[in-house]
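Please look through the structure below before reading on.

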Amino acid sequence: MFSTPGMARAALLFALLHLAACSSPLDPETYPYFNVDEASAVTPSPLPDVSFALVRTGDAQSLDAFAFEGGSWTRARTFVHSAVLVTHPRGDILFDTGLGREIDTQFREMPAYIRPLMRYRKYAPVVEQLQAQGYDPARITRIYLSHMHWDHASGIEDFPGADIYLHRDEHRAANDPANARVYLRSQFDADGILWRHIEFIEQPYLNYPRSHDLYGDGSIVFVPMGGHSPGSVGMFLNLTGNRRFFFTGDVTWSLEGFRIPARKFALASMLADDDRARTSREVVRVHRLMHQLPDLVIIPAHDDHVQAQIGYYPKTIR
């Protein structure tokens with residue numbers, strides 16, 4: 001126990017510097033290699049009229065160093081909290097919900113010792129942004145979650161008519177009291193939530209051996225990406241014109257993590273990642289995919305550098 005705030009800050013600084021000194025990039029050669037399935041490497045054609053929009057619901061200020069190992073300790077960085085609205089002729093979906101209407105109340109449930117590290121600035125929640133543009137939120141009958149951590153699942157109860165889809169391992173972890181540090185029960189304790197599990201099949205998609213093609217037309221494909229959480233899920237989105245996007249959740253918080261490749265800063269990873277070794281394997285898998293498919297646009301859930309270039313709702317990518 002530290003006797004003064006000054007000693008506590010000095011000890012924390014020493015610990016951070018020690019962790020930074022011990023960090024190093026990942027060596028892809030030490031991880032398993034998954035071949036890219038040739039059939040799925042070609043963008044499907046024809047494709048339905050699909051579009052998406054990034055809905056920014058909040059953000060937080062930090063440093064590059066906390067986003068990835070080897071990042072700058074002097075360069076500021078914005079971490080964004082967003083959701084993805086996908087429009088499809090057979091039904092619109094939301095991928096993650098960002099910060100919802102009740103985020104301030106929900107946040108008080110988080111253990112006090114970790115709250116200072118998770119501070120946020122909130123924007124309007126998804127449901128209100130949609131309504132402001134004349135979009136009826138009732139059109140969203142399905143919400144798919146990359147995972148159920150507090151900053152991704154906060155808006156579940158803002159959409160009472162939507163079925164909630166997630167990996168069954170994620171559902172189990174979120175309901176385990178031992179995980180209360182990262183899952184907030186108040187975000188998903190309403191009566192009548194319609195829980196559904198994403199069913200992956202042994203169908204290769206790019207370098208993922210299992211996948212789930214939502215509408216069977218190749219436009220929206222989910223893949224399991226466990227590690228950051230037990231049941232993390234990624235989403236591939238294919239648009240006309242051979243444009244392919246990959247929403248990777250929190251495998252890394254920055255595109256640099258995939259490019260180098262590098263993990264999150266060690267302390268951040270210890271606090272946030274369920275299985276650091278498994279998360280590292282997913283980082284390397286995406287790193288290789290970037291080289292194999294250079295036109296693939298990879299969108300980490302919190303990387304404002306990447307998302308700002310695409311633009312935020314009401315801007316829509318078609």
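Two strands are said to pair if DSSP finds at least two bridges between them. Strands themselves are DSSP runs of E with at least two residues, while helices are runs of H or I with at least four residues, and both are numbered from the N terminus. The model is predicted, so local features need pLDDT of at least 70 and side-chain atom pairs count only at pLDDT 80 or more, whereas totals for chains, interfaces and linings use all residues. Residues are numbered from 1 along each chain as its sequence is written, and side-chain values use heavy atoms, with hydrogens and water left out.

Start with strand β1, residues 51–63. β1 pairs with strand β4 (residues 121–122) in the antiparallel sense, over 2 bridges. Within this pairing, Asp59 has Arg121 of β4 as its bridge partner. β1 also runs antiparallel to strand β2 (residues 76–87), and 12 bridges join the two. Here Gln61 stands opposite Thr78 in β2. To describe cover, a residue is called buried under 20% relative accessible area, exposed over 50%, and partly exposed in between (1.4 Å probe, protein chains only). By this rule β1 is mostly covered, with 10 of its 13 residues buried.

Next comes an open sheet of 5 strands, in the order β8-β9-β10-β11-β12, with mixed pairing. Its edge strands are β8 (212–213) and β12 (297–299), each of which pairs on one side only. β8 pairs with β9 (residues 220–224) in the antiparallel sense over 2 bridges, and Asp213 stands opposite Val221 in β9. The two strands form a hairpin with 6 residues between them, and Gly216 in the turn has a positive phi of about 70 degrees. On to the next pairing: β9 and strand β10 (residues 233–239) run antiparallel and are joined by 5 bridges. Phe222 has Met235 in β10 as its bridge partner.

How many residues of β9 are buried? The count is 5 of its 5 residues. Both faces are covered, with Ile220, Phe222 and Pro224 buried on one side and Val221 and Val223 buried on the other.

Finally, turn to Glu102, which is found in the loop between β3 (93–95) and α4 (103–107). Is Glu102 buried or partly exposed? Glu102 counts as partly exposed because its relative accessibility is 46%.
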